[in-house]
Amino acid sequence: MAQTDTNSGRAPARKNIFHTLEIDLRLLGMIGAFIAVCLVFNVLTDGRFLTPRNIFNLTIQTVSVAIMATGMVFIIVTRHIDLSVGALLATCSAVMAMTQTEWLPNALGLEFGHPLIPWIAIGVGLLSGLVIGAFHGYLVGYLAIPAFIVTLGGLLVWRNVAWYITSGKTIGPLDETFQKFGGINGTLGATGSWIVGGLALLGALYGLYAARRNKVKHGFPVKPVWAEFLLATIIGAAILGFVAILNAYEVPTRVLQRTFERAGLEMPEGYTQSYGIPISVLLLIFLAIAMTIVARRTRFGRYVFATGGNPDAAELSGINTRWLTVKIFALMGALCALSAVVASARLTNHSNDIGTLDELRVIAAAVIGGTALAGGIGTIHGAILGALIMQSLQSGMAMVGVDAPLQNIVVGSVLVLAVLIDIVYRKRTGGA
Amino acid sequence: MAQVQKQGVTPLVEMRDICISFGGVHAVDHVSVDLYPGEVVGLLGHNGAGKSTLIKILSGAYQADSGEIHVRGKKATITNPRDARALKIETIYQTLALADNLDAASNLFLGRELVTPLGLVDDDAMEAETRKIMAKLNPNFKKFNDPVSALSGGQRQSVAIARAVYFDAQILIMDEPTAALGPHETQMVSELIEQLKAQGIGIFLISHDIHDVMKLCDRASVMKNGQLVGTVDVDDVTDDDLLGMIILGKKPGVAAD
């Protein structure tokens, strides 16, 4: 973490170029910290950390926490907290597992494996999360019970509702289509990944172009053209590099052989197949884009940040802050459900301890990602990066062979340190 | 001037017999005030006299326990700030009511964002509009992309004023608009008030400063302990008369009898 410190210390000298590129310095610091973590572990593990296989695993392990962290940003920005996300994830996971293995087959007579089952289960899960979240929001917004208390209660309640629903049993295996959302069981393959990468590149380029055109239209100052091109190159390299790395992770030969055998075919000599982008990661990317648009470009997002910055001002501007609170918690609930899809699909079953301590990981991810507990400040990409940094630390230490208790001690210390660095940074730069 | 207004012209605002209490304290106790087009009415009184509370009832932040509000001759129900804004009532709060983490344009349009055809917030259009109005109000204002926490007191004040003026207010409430300002900026606010008055806008001006009131207002309503002491034409009274009303709660006319 010393790397982060040197990064922010060095930053002012280079301010001009970053200023020209209009890149957020804090984001740069976080990326710097992340790269530093990766490099250090790569050295410590003799190059095993930065292999396509490990990067693939890192991304699918991060998704569940990252999905919830995007919602936690809104919660914390409005000066609330949600301690119940891990428990809510468990309840949603339990509901979905029971829906697909017990309720639908028994009540509606849909055979396990029926093509509709995963979709109905996901729908039921999302609805459960949404309703429970909205209920939390109602208690916080309209009945004025502090969010800390509501969700602390929720932590106990929903963890044990999950237990009650499943009688504490592990429910699985889950539906095969459902499992595709987990990671390794559902990937796009090489061609699909390149297509997605290409579309993402086009989208990013168009985004840059549209933003510039809009600024020119209103006569605002714009970046020099070389800066735009540099930015486009960096973004393009990042997107295509990411796809290339995930495509470089190939399905092990014996797994392929088994697949061919099951289909009654012989595997051709020298046949290889890439995993490519996992569906869960694609889901996270879409979610990140959607949540960023919600945060920056919708009235809802604007009101979330205004309320976080000054609740009285928001109220006096005619914003219905109580209803806003309900909506924010409902969104958080739905994201817990989405996260539950990914988490239980990755494990291929619902287990009683699913999502345990996730509330702390999610809050830590949001806070490491620059979300201020005082409210009003936070970004979606920061929270996702925060989740990625946490996961890298955790799996890096596991690979190096650090004892489990030490791992948690380090992660806890990093959280506190990250907030300290953030406070110092904010003081020096004077605000956001 | 006040004579002309009272004959036949519909008042912009009439607040009749307004009462509100908080936990048994009568913060506003049977108070009636009115406001005519192109007029500035000063609201005077000590801290806790109830002037800010009275005005917050008009701006929708509080709801009166009893009494009626008539806007342009029609009975109005104002239950939240949105209702007030819909009636073209704009307020500049003493606290400015700005979200410090947002930039000037976001604050100016807070609650009334300009949107693209897709329903997304159109930041560039809002910034363009903000630049236009700021060019008129405070040409020195340049920090369009910084959060308002990075602005000086005067700049923040101009954001709050711009917000009230931009949306074609017909009734403007200014709560201590010059409290945090230097002499130059205070002068700018005075000029703005004159200008708005000339456009036919009615202004309630809450102030501690008797000189401000004597200079800017046409009439003054004085409150003490939640009750209205009286409303006078500023031209008919002296500073001392007003002081007597504020401190002793006695009307000059009554004293003369």
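1. Residues are in contact if their C-beta atoms, placed from the backbone, lie within 7 Å. Ala, Val, Leu, Ile, Met, Phe, Trp, Tyr, Cys and Pro count as nonpolar, Asp, Glu, Lys and Arg as charged, and the others, Gly among them, as polar.

2. Please keep in mind that this is a predicted model, in which local features need pLDDT of at least 70 and side-chain atom pairs count only at pLDDT 80 or more, while totals for chains, interfaces and linings use all residues. Residues are numbered from 1 along each chain as its sequence is written, and chains are lettered from A and ligands numbered from 1 in the order in which they are written.

3. How do these two helices pack? H5 (residues 85-108) and H7 (residues 147-166) of chain A pack at about 20°, with axes 7 Å apart. Axes are lines fitted to C-alpha atoms, for helices over the stretch in contact, and angles run from 0 to 180 degrees between N-to-C directions. H5(A) and H7(A) are therefore roughly parallel (angles under 35 degrees). Helices (H or I, at least four residues) and strands (E, at least two) are DSSP runs, numbered from the N terminus.

4. Now for the two chains together: 25 residues of chain A and 24 residues of chain B make up their contact. On the chain A side, H13(A) gives the largest share, six residues. That side divides into nine nonpolar, 11 polar and five charged residues.

5. Chain B also holds an open sheet of six strands in the order E6-E7-E8-E3-E9-E10, with mixed pairing. Two strands pair if DSSP finds at least two bridges between them. E6 (89-92) and E10 (227-233) each have a single partner strand, so one side of each is left without a neighbour in the sheet. E9 (residues 219-224) and E10(B) run antiparallel, joined by six bridges; B:Val222 has B:Gly230 of E10(B) as its bridge partner.

6. Which strands does H7(B) lie across? This helix (residues 183-198) lies across E3 (40-44), E7 and E8 (202-206) of chain B, at about 150° to E8(B). H6(B) (residues 153-166) lies across E6 and E7 (171-175) of chain B, running at about 175° to E6(B).

How values were computed:
Parallel < 35°, antiparallel > 145°, perpendicular 65-115°, else oblique.
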